[in-house]
Amino acid sequence: MSTSWLKNSVFYEVYPQSFYDSNSDGIGDLRGIALKLDYIRELGCNALWINPIYDSPFMDAGYDVRDYKKIAPRYGTEDDFKHLLDEAHKRGMKILLDLVPGHTSDTHEWFKAAKTGYPSEYDNRYIFTKSVWDAPPEYRLMCGVCERDGNYLVNYFSSQPALNYGFHEVKYPAWQFSADSPEAWETVEALKDIMRFWLDKGIDGFRVDMADSLVKNDDEKISTAKIWRDIRLMMDADYPDAVLISEWSNPLRAIVNSGFHADFYLDHQGNGYNSLFRKRFGDGDNLSFFADHAHGDIEEFLADYTPAYLCSREHGYISFITNNHDMPRAPFYMSDEIIRLSHAFMMTMPGVPFVYYGDEIGMIYRTDLVSKEGGFSRTGSRTPMQWDHTKNLGFSDADEDMLYLPVDNRPEAPTVENQAGVQGSIYENLKALIALRKEFPELSNDSEFEIVYAKSHDYPFAYRRGSFVAFVNPSDDDRTIEYRMDGAEVAYTIGDWSADENTVTINARSFLLIKHS
Ligand code: GLC
Ligand code: CA
């Protein structure tokens, strides 16, 4: 065995609190995920990434870990976890947990000891200035909140103190440790110990939260990469089947320099993902390539993606995501029709794609909710999965006011029940595309990605994947390009197309996948 299983995988991201509640307390749980494994497999996904399930005060939905080795009671017990893992493995499915290496909760035992100011073995586990009074201006943020005379560095919310992996460039030697110091490497060892704990239980790897955030003053991420390469050596030696997938969105740094097996393509202002799916001018005009009345620019995507793909393809994979728990869901930006086209694109590109729970049915982004557990604007993408027309849309038997977040009560709310088996639904479209990707490994990673037709501010976009060619036209106009079908077979279509000897016409809001013999 090896990590070759990753090559043709399609992942499903499960936000555990909102997926399926098996014991009617209003919150999703591990038993609930186990009960829905067949559903996930039926969609075609063969691997799961589960957001943090560890003990936590949930100031950031579990990304504030209180105990890395304990499962949060609300999700179940160790036995429930073992059951889930066994059930997944029985079905040939993989499970990745979420590793949060950059910070802990301020209620973690390490931090509780470090903040007292009394000597303890965790004195250097976090980054404290020498004194609250003489902290340099850029480090005054958390001035004087605990007994210890110093300000601690925060990685995200104020309840998430940064772990000490040292500084690449030490500017204040009185309290900044070098990235090469024993103190910094003690934190690395503590991280490895946590990883081993779960890998020894048989998990198939980790999605790594804020993977670039470890070493401070490390603009080029040189010392951060060194740590990950060291961890990769441990993985290769002791857990050769397990993978690490980074939240980084920089394939050169993450995959090539740091040894991650795959890296997420995230929605970052100005990058290729943003230009394809999420490029909005303020609250107004949608300038994405995939949009209603689309008038985006495919060259913006290619300028970002192509070099990243070329430099990383021999080392690992770029992961397209339908969405994740941090961004507004796609219907906020585009109609179901355009979503289907975007799925066709993602499922015919190289890499390892991720489907965020509920995206397979077009669950909406809710703008009417107040923040839950540090979600803020992200809360609207974290609502309960919509299974069927029964109580709470099948998510939970609990009373409505007990639910983790309210379900989508609109009469037109999409559910698995009203989409499965319905020709042309988002669900059936995605399922068919995943099935094609599995049937023909050329569509995942057994072939190169080559551009066939791409012009700035023009449609369609056409690309070759081995013997396949995909044409996608989200715009409102039928578009004709020179292309010889040469008797190619039609492998998949959305909308309409036509061809004569030398040209192909892709109608407005259509997709065509052909296979040459
Ligand atoms: C990542 C997570 C996000 C979390 C943050 C801090 O970006 O995806 O949900 O809030 O890291 O851990
Ligand atoms: Ca529950």
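Is isoleucine 27 buried or exposed? At 10% relative accessibility, isoleucine 27 counts as buried. Buried means under 20% relative accessible area, exposed over 50%, and partly exposed in between, with a 1.4 Å probe and protein chains only.

Some ground rules. This is a predicted model, where local features need pLDDT of at least 70 and side-chain atom pairs count only at pLDDT 80 or more, while totals for chains, interfaces and linings use all residues. Residues are numbered from 1 along each chain as its sequence is written, chains are lettered from A and ligands numbered from 1 in the order written, and side-chain values use heavy atoms, leaving out hydrogens and water.

Now the calcium ion, ligand 2. Asp21 (OD), Asn23 (OD1), Asp25 (OD), Ile27 (O) and Asp29 (OD) coordinate the ion at 2.2 to 2.4 Å. Donors are N, O and S atoms within 2.8 Å of the metal, or 3.2 Å for Na, K and Ca; water is not among the atoms, so sites may look incomplete. In sequence, the donor residues run D-x1-N-x1-D-x1-I-x1-D. Asparagine 23 is partly exposed, at 47% relative accessible area.

Next, ligand 1. There are 13 residues around ligand 1, and Asp60, Asp209, Glu247, His325 and Asp326 come nearest. Around means a heavy atom within 4 Å. The shell has three nonpolar, three polar and seven charged residues. Charged is Asp, Glu, Lys and Arg; nonpolar is Ala, Val, Leu, Ile, Met, Phe, Trp, Tyr, Cys and Pro; the others, Gly among them, are polar.

A side-chain N or O atom of glutamate 247 is 2.7 Å from an oxygen atom of ligand 1. For aspartate 326, that distance is 2.5 Å.

Definitions and conventions. A polar contact is a pair of N or O atoms within 3.5 Å; within protein, one must be able to donate a hydrogen and the other to accept it, and residues adjacent in sequence count only if both atoms are side-chain atoms.
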